[in-house]
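Subject: Structure handover

Hello,

I am passing on a structure for you to look through. The notes after it say what was found.

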Amino acid sequence: MQSKYLFLLLFIVIWSCKEESKEIKTAEENPKNSDYRISTIQMIDSIQSIKSNVNYRQHIYESSEKLKLVEQELNAAKAKNQLPINLYVEYGKTLLDAGRSQDAVNVFEDLLNRMPENKVINATTKGLHEALAISYMRIGEQINCRDNHTTESCLFPIKGGGIHKNKTGSQKAIEIYKEILKVFPDDLQSKWLLNVAYMTLGEYPTAVPTHLLIPPNIFKPEYNLPVFENISMNVGLDVNELAGGVIVDDFNNDGFIDVLVSSWGLFGQLHYFESDGNGSYVEKTEASGLNGLTGGLNMVQADYNNDGHLDFYIIRSAWSGYKWMGQLPNSLVKNNGDGTFSDVTLASGMYAPHPTQSAVWFDFNADGWLDLYVGNETHTNAELNPAQFFVNQKDGTFKDIAPQLNLNITNYIKGVTAADANNDGWEDLYISILDGPNKLFMNRGGSSIENWKFEEISVKANVSDPQESFPTWFFDYNNDGWEDIFVSCYDRYLLKQCSMEVTADYLGLKSNSDFPRLYENNRNETFSNNTKKTNLDRILPTMGCNYGDVDNDGFLDFYLSTGAPDYRSITPNRMFRNNEGKTFQDATYSGNLGHIQKGHGIGFADLDNDGDQDIYAVMGGSVSGDIFQNALFENPGNNNQWITLRLKGTTSNRSAIGARIKITVEEKDGTTRDIYNTVSSGGSFGANSLQAEIGLGDCKAIKNIAVNWPNGQYSYLDYGSVDSNGVYFIEEGKNAIQSIESKKNPFIKGHHSMSH
């Protein structure tokens with residue numbers, strides 16, 4: 001099998017050199033470009049080869065390509081005056097999925113007129129009426145929220161600039177939902193969508209019939225977080241594409257956070273933006289050599305070759321469990337340090353077409369070089385896609401050692417995260433699985449890779465639930481110095497009836513879905529399920545997510561992006577504020593963070609260098625027509641203290657991924673407390689900045705900063721005290737903390753939309 005892949009790759013390389021001669025010649029004319037572009041072209045051509053064999057007619061996501069084939073069949077059938085109803089219905093649905101909502105309305109209304117018996121709503125015809133209603137709602141969204149986008153568009157509860165100026169779509173949808181609810185009064189999904197439609201008209205709650213009203217008091221915030229304004233269109237970051245990932249980090253080492261976003265599917269494009277240092281962003285996709293490189297559903301960054309320049313890994317083909325759907329290889333992309341990037345997947349030994357959604361960088365053997373665990377998706381026993389564990393060979397190449405460590409599991413993996421869960425100096429691995437129990441692998445170490453051991457202890461540790469899981473992460477939510485686990489649930493009920501399940505939860509009614517899990521570390525390789533205790537026993541259909549400290553109180557909060565592929569899955573993203581490690585408080589609506597478009601990659605970072613974390617959220621759904629502008633929520637600030645630490649490993653990996661930071665602060669009353677933070681990109685879907693942005697609360701002073709470097713020893717090194725509200729640099733092996741002058745980068749407030 002391996003020789004077959006090598007032959008294929010050789011063919012691709014030879015073919016690409018012939019077919020792309022014009023582009024390569026251009027690269028040769030510019031010596032700076034020639035080295036980085038050729039390897040990227042080879043990867044692009046490999047992807048093109050796979051895409052050429054995709055069965056678009058049966059594809060459930062690539063709706064625009066599918067529509068071309070359905071239309072051919074439709075026209076052929078019409079020419080013979082033999083139009084099957086099932087083909088016509090499929091045509092309407094595909095039009096809707098491809099974004100041609102008015103054409104979908106025309107088809108569904110024509111079906112009702114052709115068959116008058118379908119105008120009577122019953123169990124058989126309900127689906128057709130629902131399709132018509134959501135098509136009208138989509139028309140309203142596309143005209144008002146996407147094409148005439150404002151900073152308040154689709155922020156729930158909808159108000160101000162989010163109210164539709166063109167009201168036709170929502171008005172038509174309301175008429176249909178009222179009729180559906182006459183026959184099915186307990187249909188919570190239709191009731192929810194009816195209330196949302198009234199919101200878009202500015203008529204909620206007053207105009208909603210009393211018996212159909214979802215009361216506004218259920219959206220009352222549990223904590224009054226100040227308003228975060230969506231400013232993506234002001235600063236040139238409102239990418240308007242499908243679901244994808246995000247990395248917010250400093251790729252060019254200028255002290256400002258850059259933004260890299262992806263759009264999934266077979267035709268998505270990466271977009272790379274550099275901060276201009278003056279409150280706005282400049283797209284450098286083409287100039288950096290990333291143009292033409294297909295995006296993925298997720299990405300994660302690290303300096304894998306320890307050269308001081310941040311690289312990244314693109315994760316592709318999630319949900320594509322069959323080869324005919326187009327299983328694209330993931331990409332390792334090297335930062336050349338001169339403003340350009342190269343796709344080095346082929347040369348690195350990482351080339352492998354599998355459906356994947358999550359991967360994590362960590363130095364499992366503490367040799368100072370980051371390794372990569374890739375959680376692939378096995379959808380059926382007919383096509384196994386074992387997980388991979390690429391050990392860093394320290395020469396730019398990697399070797400998959402998952403089989404010899406028994407980490408080559410064949411499950412429907414949706415999230416992977418790593419941390420030192422038992423404080424023994426070795427990074428452990430937690431895996432979230434959609435079709436079975438989750439797995440916790442404890443790193444037991446070894447004298448060499450040949451006798452290294454990971455022990456699976458999920459049942460003993462009490463962390464195998466929920467049985468249908470999605471994103472996950474390690475974090476120390478209660479500041480006790482031990483890493484805890486959050487893992488979200490995403491079961492079949494949420495996939496099929498997301499809005500209904502969320503509505504039931506809001507109303508305190510019985511739901512079919514399961515809750516996420518918050519596992520507190522018991523410090524003995526077991527965990528306690530603190531979900532209910534911490535007020536997180538809620539229905540949260542989480543796709544992307546991440547964590548940070550938005551109010552700088554020293555306790556980690558988190559933001560969940562929600563939704564499902566179905567257009568009717570209109571549910572708000574959720575923001576949970578950490579209440580001193582005791583409970584989590586829903587601060588979604590006070591913070592203006594309840595975006596109701598499909599949410600995916602989330603990244604926390606201090607983009608404007610003002611000492612608080614902003615939130616970047618990738619929006620957009622899975623089918624070709626479900627595009628929407630990404631959001632950048634500006635943190636309005638607070639009165640708490642903060643510190644930003646940039647760590648450089650020497651014995652440890654240069655990115656210092658896995659480093660544990662302990663900051664001891666003196667409170668105003670003279671007492672002290674410890675605040676813990678781990679260097680990582682955060683959750684398993686979306687990537688935070690690797691600089692440690694740490695809130696200190698309303699403290700009097702920093703007493704000490706200590707770092708436990710990820711070098712195989714569990715030992716904190718003290719670095720002494722510094723002033724708060726500053727940026728500092730710490731290098732492993734040196735005792736001094738270096739103060740860094742950090743230039744503030746206030747966001748531009750004017751309109752600067754780029755809307756791809």
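This is a predicted model: local features need pLDDT of at least 70, side-chain atom pairs count only at pLDDT 80 or more; totals for chains, interfaces and linings use all residues.

Residues are numbered from 1 along each chain as its sequence is written, and side-chain values use heavy atoms, with hydrogens and water left out.

Cores

A nonpolar core is a set of buried Ala, Val, Leu, Ile, Met, Phe, Trp, Tyr and Cys residues joined through side-chain atoms within 4.5 Å. Buried means under 20% relative accessible area, exposed over 50%, and partly exposed in between (1.4 Å probe, protein chains only). The largest nonpolar core has 89 residues, and Met137, Tyr177, Phe219, Trp319, Tyr559 and Phe633 touch the most other members. Helix H7 (residues 126–146) gives the most to this core, with 9 residues. Another core, of 32 residues, lies apart from it and includes Phe251, Met299, Ile315 and Leu370. Helices (H or I, at least four residues) and strands (E, at least two) are DSSP runs, numbered from the N terminus.

Annotated spans

Residues 656–717 are 0% helix and 47% strand, with end C-alpha atoms 14 Å apart.

Pocket and cavities

On a 1 Å grid over the protein atoms alone, a cavity is a set of points where a 1.4 Å probe fits but cannot get out, and a pocket is an open set with protein on both sides within 12 Å along at least five of seven lines; lining residues have an atom within 4 Å of a point. Grid points are joined across faces, edges and corners, and a volume is the space filled by probe spheres set on the points.

The second largest pocket has a volume of about 790 Å³. It is lined by 30 residues, of which Lys93, Leu96, Asp97, Asp566 and Arg568 are the closest to its centre. Helix H5 supplies the largest share of this lining, 7 residues.

There are 10 cavities of 30 Å³ or more. The largest cavity holds about 290 Å³ of space. Val360, Thr417, Ser680, Ser681 and Gly682 lie nearest its centre, among 30 lining residues. The second largest cavity holds about 230 Å³, and of its 24 lining residues Tyr547, Leu556, Asn677, Thr678 and Ser680 lie nearest the centre. Strand S33 gives the most to the lining of the second largest cavity, with 3 residues.

Two loop residues

Asp553 lies in the loop between strand S23 (542–548) and strand S24 (557–562). Asp553 counts as buried because its relative accessibility is 10%. Contact means heavy atoms within 4.5 Å. Not counting residues up to four places away in sequence, Asp553 touches Arg577, Asn578, Asn640, Arg673, Gly695 and Gly697.

Asp480 lies in the loop between strand S19 (469–475) and strand S20 (484–489). At 18% relative accessibility, Asp480 is also buried. With residues up to four places away in sequence left out, Asp480 touches Asn521, Arg523 and Tyr676.

Regards
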